[in-house]
Every structure is written in C-alpha cells, then in structure tokens.
Amino acid sequence: MTTRSAHRTRRALRTGGAGAAALLALGACSPAASPDSGASGGEVSGTVTVFAAASLKESFTTLGERFEKDHPGTNVTFSFGGSDSLAAGITGGAPVDVFAAASTHTMEIVADHGDVAGTPATFVRNQLEIATLPGNPDRISSLRDLTRPGLKVVLCDTSVPCGAAAQTALDAGGLKLEPVSYEQDVKSALTKVELKEADAAVVYKTDVRAAGDKVDGVEFPESAEAVNDCPIALLRNAPNPGAAKAFIALVKSAEGQKVLTDAGFHRP
C-alpha cells in the first residue's frame, strides 16, 4: 500500500497483464469483513472488493465514492484491468465480492468454474470507436483507413473483450490489420495514442469520452456488429456478500445507470 492510499477511504488497484499471481496478492491487503456483514438486509459495512473491466474505471470509481458516502463505514476496493486477467485471479482463488466483466464470454469463464452466485446480469453495453490523435491529423474516417501503409495502429489483444470485438468488426468489414502492438486492456491501448506512440487505436466509445481532448473519436458502422454486453455478478465465496449485493444494486439502479450512460455506455 502507498502512503497516499492510506489516507483515502477507497483504494483503487490497477491490474493489467500481471496475471493471476498479482491478483491473488489482494488477499494480503484487503481487510476482511465478517461473512454475514450486511447479509440480513440491514446496514452494510466493511470492505467490498470489486474486480471490474478497465473500461469501467471512471464510472465505477464515481459509484464507489457514492456507495461509501451512502454507507458510512464501507470501503470499496477496486481492481481494474483486462477481463481475462481478472477472471484468472478469481478462478485462482482471489477473495473478491463482485465481478463486472466487459463481455459475457469472460463472465462465463468464471461461472463455469463455479465461482458465481446466482445469475450474472447485463447492466450496460459498450461499443467500439477509433481513437485518433487530437485533431485527427491522419484524416481517419473509417475502419478501412486503419489499414493504410505507414499508419501506426494499436489493438487490444484478442484474448480480452475489446480485442475480440475489434477482430469481429474487422471481420465484418472484410479487413485485415497488422497493429504495431496488442495491448492487454483497453486503457493501455488508448494510452499509446495519448502519448503519441500510435496514430490510432480501436477502443470503446466510453474510453474516448473519458480521455477528453487527449484524443479524437471516429465512429464506424462495423462496430454495430461487435457490441459487448457487460455483466455483473456476486461471487460465490464473497467475503462480504451483503455489501456486495448493495453495490450491485447501486450499479443497476437509476442513479447508477445515469452515471454509466453519461460515460457513454448503453442501457442493456
């Protein structure tokens, strides 16, 4: 833990391609709540550990702060990263209360391992967009433009939802693209453009919006063939199931949906 995190009520833990070993380390730094904390429907308390796809970082951070304000004595700890790495951490035994994935496929991996309690619910949908350098100096106007020689394009790895969706969109357009790199989560792909290490990246609309004036966004029709449903679920061995259920309820509530749609997500 850093000194800074010791002075905050919410700790955000960044995970990318570090793998399940780093995620399992959460067990040593996440305060445990009593198993029946909040389970009776009364006041919730204690720590809620949430693993969430990188594309949800801004929205879930806002919702975590609201949850802590509405429930004094709670602490929402996030781990944001590629859904595949997060799923590996959960199936490897990391003590997690809530999993919010960027695709149903990734959630199915966790469910098939027996780690989901109940039925996962799709709470938002996300669509792809091309992120370009500010002002779009390369005049990119279509997905086909990304195949132009000399253009440095970044994609997410196909093992993560944003990469799988990008490949689906490319297939829909009958296009082949050789990126300069494959990134392990959508934020890493976007950062390449923000740092001007790439000319463009295929990311989510929500990430383009969150980046503000650091990038420009270009919509493309093939993205309609690759819209991702984002499911959320309580995990079977959740250390704090009562508070976890309350957090999921906030995400699915009108208040939570407004935060998410304001960020560019679509209602399911």
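**Salt bridges and a cavity**

Arg 66 has a relative accessible area of 33% and is therefore partly exposed. The model that gives this value is a predicted one. Arg 66 pairs with Glu 255 in a salt bridge, with 3.3 Å between the closest N and O atoms. The two partners come from distant parts of the chain: Arg 66 belongs to helix α4 (residues 57-70) and Glu 255 to helix α11 (residues 254-262), 189 residues apart. Glu 255 is also partly exposed, because its relative accessibility is 36%.

A salt bridge between Asp 115 and Arg 236 has its closest N and O atoms 3.9 Å apart. This pair, too, links distant parts of the chain, 121 residues apart: Asp 115 sits in the loop between α6 (104-112) and β5 (116-126), and Arg 236 in the loop between β11 (228-235) and α10 (241-252). Asp 115 has a relative accessible area of 10%, so it counts as buried, whereas Arg 236, at 48%, is partly exposed.

Within helix α11, Lys 258 and Asp 262 are four residues apart, about one turn of the helix. Their salt bridge brings the closest N and O atoms to 2.8 Å. Asp 262 is partly exposed, with 46% relative accessibility.

The largest cavity holds about 60 Å³. Its lining has 13 residues, and Ala 54, Gly 81, Ser 83, Ala 102 and Val 186 are the closest to its centre. The lining of the largest cavity consists of eight nonpolar, four polar and one charged residue.

How values were computed
Residues numbered from 1 in each chain as written. Predicted model: local features only at pLDDT ≥ 70, side-chain atom pairs only at ≥ 80, totals over all residues. Heavy atoms only, no water. 1 Å grid on protein atoms, 1.4 Å probe; cavity = no way out; pocket = protein on both sides within 12 Å on 5 of 7 lines; lining within 4 Å. Points joined across faces, edges and corners; volume = space filled by probe spheres on them. Nonpolar A, V, L, I, M, F, W, Y, C, P; charged D, E, K, R; others polar. Salt bridge = Lys/Arg side-chain N within 4 Å of Asp/Glu carboxyl O. Helix = DSSP H or I, 4+ residues; strand = E, 2+ residues; numbered from the N terminus. Buried < 20%, exposed > 50% of the residue type's maximum accessible area, 1.4 Å probe, protein only.
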